[in-house]
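Hi,

Here is the structure I promised to pass on. Have a look at it first, and then read my notes below.

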Amino acid sequence: MVPGRGDQVGQHLVTHPRVDKVSFTGSPQVGSQIAIWCAPLFRPTTLEIGGKSAQIVMSDADIEGAVPGIALGVFSNQGQICAAGSRILVHRSIQDRVAELLAHEARSRKLGDPLDPSTTMGSLVSRKQLDSVMRYIALGKSEGARVLAGG
């Protein structure tokens, strides 16, 4: 572990001669910069950037069995994880039932202090992240989306 802000220690870390490989998970902007730093060194680099992992629900799915796993993919770490199932692609014939069950899952989360054992969802990482989420909710609503839980 190397403590410090990425913009202060990142380049030194990924270009250090004793580093054999760089693996980064995060934003496309930072990943691009890491690739630029590593390219002239021919340093092996793995970048998992800007993920938007889709969860797909087909018309013949066991909906009641699938939704708890879908919810886990959406809500783990408040959705702030590289493997978050941040998009759910659902067959039109079952979309209302899936939406209903996911809304129920969302409403069943207990928001609060992550150190409280009864809390099932803690806070977002920063005010900036909260503002970003709220902008996406407003954008979705302006494009015709309905808020089924929270908001």
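Where is Lys110 found? Lys110 sits in the loop between α4 and α5; helices here are DSSP runs of H or I with at least four residues, strands are E runs of at least two, and both are numbered from the N terminus.

Before going on, please note that this is a predicted model, where local features need pLDDT of at least 70, side-chain atom pairs count only at pLDDT 80 or more, and totals for chains, interfaces and linings use all residues. Residues are numbered from 1 along each chain as its sequence is written, and side-chain values use heavy atoms, with hydrogens and water left out.

Lys110 is partly exposed, at 37% relative accessible area (buried is under 20%, exposed is over 50%, partly exposed is in between, with a 1.4 Å probe and protein chains only). Leaving aside neighbours within four places in sequence, Lys110 is in contact with Asp116, Ser118, Thr119, Thr120 and Met121, contact being heavy atoms within 4.5 Å. Lys110 and Gly122 are 12 residues apart in sequence, with their C-alpha atoms 8.4 Å apart in space.

Now for the outside. Phe42, in the loop between α2 (28-38) and β2 (45-49), is exposed at 75% relative accessible area. Phe42 also has a positive phi of about 50°, although it is not a glycine. Most residues other than glycine have a negative phi. Ile56, in strand β3 (residues 54-57), is likewise exposed, at 57%.

Last, the helix α5 (residues 127-142). Its 16 residues should span 22 Å at 1.5 Å a residue, and its end C-alpha atoms are 22 Å apart, so the two agree; the expected span is 1.5 Å times one less than the number of residues. After α5 comes Gly144, with a positive phi near 105°.

Cheers
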